Amino acid sequence: MKQSYRYEQTSCRLRIDGLPDLSASQADDAIGILMGWELDLIGRPSLEGKRNHLEALLTVVLPYARHLVSGVPRPFGADGSPVQIEPLVNGEQSRHRLRLFSSQPDTPPLEFDFDDAELADLVRCLDQLRLDPRVQLGFVIPAEVPLQRREILERVPLRRRLLSPAAGLAALVITSSLSLMLPLPKPAAPQGEAKPAATSAPTTPQAPAAP
Amino acid sequence: MHPLTESRSPSRLNRRGLERLDLMLLSVEALDLNGGEAMVFMAQQLGFGDLFPNRVELWKRRCYNPLRLACRRGELSETETDALISVLCALAERIYPMLRQLLSSSEPDVVSIQRWELFRQRLDELVRERLNPRRGGVQKLLDPEEGARHRLQLVQGLALGAGAGGFDRLKASLMDAAA
C-alpha cells in the first residue's frame, strides 16, 4: 500500500511517496521503495526527482551544514553530482547557493540562493527524513566527524596565520642589521716593549741593534 | 590507570569545545530570559535529573569552560558532555523561531538590527558577569567588529544544531581539532 510522509518547516516542505519493501520484511507503514519525492520551497518552483537526486541532496546539504556549524563553510558536490552547494560572500550576510542539475540534456541548472534561516529549515526537513524510522531507503550519508586541524586552519584568515612568522622574521632581520652596524673591535696597538702573549702568533725576530 | 599516564578519550571535548558549548548555552540564556530555569527543567525532561538535579550542579559543569571567571580545572566525562549537548539541542529547538528570525533576511532591516542589538546587549552582560575579561576569547566576543561574527556563528550553530537531528552535528563540531 502506498505511503506518503511529509516533513515541514516554515519555508520548506518535503514529501516522499513510496511502498514498503515486503521482500525485506518491512512493516506496512515503512517506505523501502521510493516512488517519488517533492520539495516545496517558499517563493521557488517545486522540485521533484528520483531516488538518486534525493540521496544527492542529503549527502551534499548535510555535510555542508556540518562545516557551517564549525565556521568553515566550503563547496560540496563534485562535478557530475546532481546537487551542488557553495557559500556566497555577500557583505556581512552569509548566503548559500544550491545548484540542481537536471538529468535532461541541454537543461540549465536551477540555482537557489538561501539565507541562513532557509538553509536551517531545509536541513531540519532533511534531518527529519533521515531520522524517521519508517523511512528505510538505505541512503548512505557521511557520518558526522570532527574536522581535522588543516580544515579548521582555513577559518583563520591568511593574514593572521602569516602574522606570527612574519613578525619573527622581521625581528631576526632587525637584530641582524643592528649587529652589523656595531663597529668591529680594533686590534690592540703595540705598546713599546710589551711582551707578546704566549698564545699570540709567531712574530718575526727583531734585527740586532747597530753597535 | 595512573592519572599522569591516562590519555584523553578521543570522544571527550577539548578546551575549545568546552568553551563553545558554554558560550552556546550562554547565548540561549541571552535569547531566553528563563533560559537558566529552562536548562534544569529540560535536563530533567530528558532524563538527566541525576546528573543535573539543580542549577548549582549544572553551573559546576559549565565552569569547566576555561574562559569562566570561576574556572574549574580538568575535563568533563563523555556522559556529562553528551547530556549538556542534548540539553543544548533541546533548548535550541525550543527557541528555534527566535533563531530563525535572527537569521532570516526577509525580516525588515530595522527590526532585524534591533533584534541583533538586543541579543548583543544581553550576551555582553552575561559575558561580563561570568567570563574572565582578560582572556583573548572573551575580548574577541566583546569586540565591536569581531564580536558580530562570533555571535552570528553562535546563532548559526544553534539553528543547525536544534532538535534531535542536530546532536551529532553539534557534537562533532565541538570535537573539532584545535586550530
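This is a predicted model: local features need pLDDT of at least 70, side-chain atom pairs count only at pLDDT 80 or more; totals for chains, interfaces and linings use all residues.
**Exercise 1. The strands of chain A**

Solution. 
1. Look at what lies between them. Two residues separate the strands, and E1(A) and E2(A) form a hairpin.

**Exercise 2. The side of chain A that touches chain B**

Describe the contact between the chains: how many residues of each take part, which elements of chain A give two or more residues, and which classes of residue are present on the side of chain A?

Solution. 
1. Start with the counts. From chain A, 28 residues are in contact with 22 residues of chain B.
2. Assign the residues of chain A to elements. Those that give two or more are helix H1 (51-69), helix H2 (116-131) and helix H3 (149-153) of chain A.
3. Find the main contributor. H2(A) gives the most, with nine residues.
4. Sort the residues on this side of chain A by class: 13 are nonpolar, six are polar and nine are charged.

**Exercise 3. Two helices of chain B**

Determine how H1(B) and H4(B) are oriented to each other, and which residues make their contact.

Solution. 
1. Identify the helices: H1(B) spans residues 15-31 and H4(B) spans residues 78-94.
2. Take the geometry. Their axes are 10 Å apart and the packing angle is about 30°.
3. Classify the angle. Angles under 35 degrees count as roughly parallel, so H1(B) is roughly parallel to H4(B).
4. List the residues. H1(B) contributes B:Leu21, B:Met24, B:Leu25 and B:Val28, while H4(B) contributes B:Leu84, B:Ile85, B:Leu88, B:Leu91 and B:Ala92.
5. Sort them by class: the contact has nine nonpolar residues, with no polar and no charged ones.

**Exercise 4. Chain B as a whole**

State the make-up of chain B, and compare its radius of gyration with that of a compact globule.

Solution. 
1. Count the elements: chain B has nine helices and zero strands.
2. Write the order along the sequence: α-α-α-α-α-α-α-α-α.
3. Read off the extent. Along the principal axes, the C-alpha atoms of chain B fill a box of roughly 60 × 35 × 30 Å.
4. For 179 residues, a compact globule would have a radius of gyration near 16 Å.
5. Compare: chain B has 16 Å, so the value agrees with that of a compact globule.

Note on methods
Residues are numbered from 1 along each chain as its sequence is written. Chains are lettered from A and ligands numbered from 1 in the order in which they are written. Two strands pair if DSSP finds at least two bridges between them. Helices (H or I, at least four residues) and strands (E, at least two) are DSSP runs, numbered from the N terminus. Two residues are in contact if their C-beta atoms, placed from the backbone, lie within 7 Å. Ala, Val, Leu, Ile, Met, Phe, Trp, Tyr, Cys and Pro count as nonpolar, Asp, Glu, Lys and Arg as charged, and the others, Gly among them, as polar. Axes are lines fitted to C-alpha atoms, for helices over the stretch in contact, and angles run from 0 to 180 degrees between N-to-C directions. Angles under 35 degrees count as roughly parallel, over 145 as roughly antiparallel, 65 to 115 as roughly perpendicular and the rest as oblique. The radius of gyration is taken over C-alpha atoms; the globule rule is 2.2 Å times the number of residues to the power 0.38.
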